[in-house]
Amino acid sequence: MSKQMSGAEMVVEALKDQGVRTLFGYPGGAVLPIYDALFQQDFVKHVLVRHEQGAAHAAEGFARSSGKTGVLLVTSGPGATNAITGLTDALMDSIPLVCITGQVPTHLIGSDAFQECDTVGITRHCTKHNYLVRRIEDLPRILHEAFYVASSGRPGPVVIDIPKDVQFAVGTYSAPRNNQHKSYRPQLKGDAGRIAQAMTMMTKAKRPVFYTGGGVINSGPAASTLLRELAALTGFPVTSTLMGLGAFPASNKQWLGMLGMHGTFEANNAMHDCDLMVCIGARFDDRITGRLDAFAPGSKKIHIDIDPSSINKNVKVDLGIIGDVGHVLEDMVRLWRTQSLEANKSALKAWWTQIDIWRARNSLGFRGSEKTIKPQYAIQRLYELTKDRETYITTEVGQHQMWAAQHYHFEEPNRWMTSGGLGTMGYGLPAAIGAQLAHPKALVIDIAGEASIQMCIQEMSTALQYRLPVKIFILNNEYMGMVRQWQELLHGGRYSESYSEALPDFVKLAEAYGGVGIRCSDPAQLDAAIQEMIDSPKAVIFDCLVDKMENCLPMIPSGKAHNEMILPDMDAQMGSVIDEKGKMLV
Amino acid sequence: MNAPTSPPSPYSSAIGKSNVESHTLSVLVDNEPGVLARVVGLFSGRGYNIESLTVAEVAHAEHLSRITIVTSGTPEAIEQIGHQLERLVPVHKVIDLTLVGGAIERELAMVKVQGKGENRVEALRLADAFRARVIDATTQSFVFELTGRSDKIDQFIELMRPIGLVDVSRTGVAAIARGAAAP
């Protein structure tokens, strides 16, 4: 069905046709016509953020927790440039976003007009794709195409830059018809021959490991179910990247915990000593591999990924399978069942014996205290007191993020939202707002640091405006903790600019915004304070004063291999574990 | 078990290694605004080399352009470049003509030479040997046009240098696979 309408009305109509009910945004001169069209309908709910970066992260949190595409609307110039960090974050973590930006009228483009910037030029490198709509005739197609590109294949952010005259122009709108793009058609089914080859490798493996990532989550809940089935059928151990937490239940006995720089001893040693690594929807990122030339040296590697460029990018693999994780896992589970395949059980038994020895090192252990709250203890208590609810966790970036990943345990996919690839401080609060809007009845907690939270603290105002009861759980150690830890590791403990001076009183700050503030510094009172936070119907800032000098361990020091971890019980001289070459790395 | 056997990444092996190869990539793209910027930005953003680049529309009705890129890197890096190009939404097809083998590569150059007397005669003699055509002449100069493989053009320019080379304009490489089929 086609109708005559203005460009601005087309934007809203397309959002309706795409089933978008929540839109994050901030108005401005170049998007006023779209805001006027929004005003005259009530299908799409607009959520007014306080900074465009917040809009992008909120859309990410919404998308990651719901599996839908997140949508944001910002104005030209500073509106667009403020959204860039969130767009880049979504690109790195493969989050589907559609970002609509206003632009100065077409006849002013290139004239350095007020609030003009080259949005498509600037966002070319931080989006999966972008469009400048110069003609009203192209607008309906581009709007629908953007949703297709953002959500299909390896998901990512897409920008549609719409000049103001195009928003006013009248044209013919038509609903989306076919989703086939003329050139962009990602391959979903894996090659049957290669999958068969993978099955043979898996039946022969003596020391196998599943190394899973965010791709399993992106593929949808079915992929997580299939992963659980395949793990149960094969009996192989499972580890995951930061982005993949929740795809496999942490309570399962085959779960090794997270791998990588702050992963568990058992996960990293299993990766190092395995003879078959099955990488499912992960990308061999440098946080995962450690020293590349000592990465899993005796192993054959299978890599399943929807993005062909991920295969053989950082690590050469023996068998690459291009396809959607869900489709490939489905084929694998079916083949394993119908052909009654068997793993090498005696070898697996010996492998598990070895893994249990590594597990016994208890690499996430820490020295408790009755005087100060240990940050790990705070996360453990938070987990124990919230695990039986429908809980969604977001984080900022730093030590607290790694402690959350280590000590909060996830049973389901889409429950964990964190900035993995880009490492964006300020992500957690807006992401929590997005997650809360997607799941109004759920408990949504942003595990934060006192430094990170200040990067997007203005979104407290958004939380209050929409009565979103998000909880901000700050592990306050008065340091940019991860920076401080690296200065200890690399720079002789010279804590250059990493102390959090002049901190606000977070309790008063919460109250100033109209929320609830809670402070706790006594381990004995922690449970009661956390319970008070959970029970509060309002947005809460919880200022948890923790041990100031605690380091995040275990850790693979940069430039080292998986089997060269620093463990908490080693009492290593932190200043001497990284060599000159390692210091060059980040 | 600890022997470091795993080949390092194409990024770490791309610099200063002897197995750097030159490849010609033929990239079929939608002829739309910004598509060249996407391709060029990909190369600069990921630290790949461009030795030569040509672009022009090849199918008007379908709005298709062909970008021919000569790039260099290890075989792993070249494979990665191909996949990264394929990720760009307006890219239809990427063909590594060097891998396909036996592709025909041609470049066009215009070469301005200044001189008098014996040098003019020598320039014309060499141009004749290279099948270069005179497309502009004054009493003191010639502009030659020649097509051929890049190394032939390099050689012609080097010969003209002592005679009185003034200026050179080259198109960069255009390439196509041999035989009846489109690869």
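Throughout these legends to a predicted model, a residue is called exposed when its relative accessible area is over 50%, buried when that area is under 20%, and partly exposed in between.

View 1. Helix H5(B), which runs through residues 118-129, has 12 residues and reaches 17 Å from its first C-alpha to its last, close to the 16 Å expected at 1.5 Å a residue. B:Ala123, B:Leu126 and B:Ala127 are buried in H5(B); seen down the helix axis, the buried residues fall within an arc of 105 degrees, so they line one face of the helix. An α-helix has 3.6 residues a turn, so residues three or four places apart point the same way. On the other side of H5(B), B:Glu118, B:Arg125, B:Asp128 and B:Ala129 are exposed. The packing partners of the buried residues in chain B are strand S5 (104-114), strand S7 (141-148) and helix H6 (150-164), while just after the helix B:Arg131 takes a positive phi of about 55 degrees.

**View 2. A nonpolar surface patch on chain B.** B:Leu36, B:Val40, B:Ile50 and B:Val55 form this patch, with about 260 Å² of accessible area together. Among them, B:Ile50 lies in the loop between helix H2 (35-45) and strand S2 (52-59), and is partly exposed, with a relative accessible area of 35%.

View 3. In H20(A), residues 506-513, the buried residues are A:Phe506, A:Val507 and A:Ala510, and they cover an arc of only 110 degrees around the axis, which puts them on the same side of the helix. A:Lys508 and A:Ala512, on the other side of H20(A), are exposed. The buried residues pack against helix H18 (459-465) and strands S18 (471-476), S19 (516-520) and S20 (540-545) of chain A.

Key. Residues are numbered from 1 along each chain as its sequence is written. Chains are lettered from A and ligands numbered from 1 in the order in which they are written. This is a predicted model: local features need pLDDT of at least 70, side-chain atom pairs count only at pLDDT 80 or more; totals for chains, interfaces and linings use all residues. Side-chain values use heavy atoms; hydrogens and water are left out. Helices (H or I, at least four residues) and strands (E, at least two) are DSSP runs, numbered from the N terminus. The expected span of a helix is 1.5 Å times one less than its number of residues. Buried means under 20% relative accessible area, exposed over 50%, partly exposed in between (1.4 Å probe, protein chains only). The arc is that of the directions from the helix axis to the C-beta atoms. Contact means heavy atoms within 4.5 Å. Patches are made of residues with over 30% relative accessible area and no salt bridge: like charges are joined within 9 Å, nonpolar side chains (Val, Leu, Ile, Met, Phe, Trp, Tyr) within 5 Å. Accessible areas come from the Shrake-Rupley method with a 1.4 Å probe; for residues, only the protein chains shown count as cover. A salt bridge is a side-chain nitrogen of Lys or Arg within 4 Å of a carboxyl oxygen of Asp or Glu.
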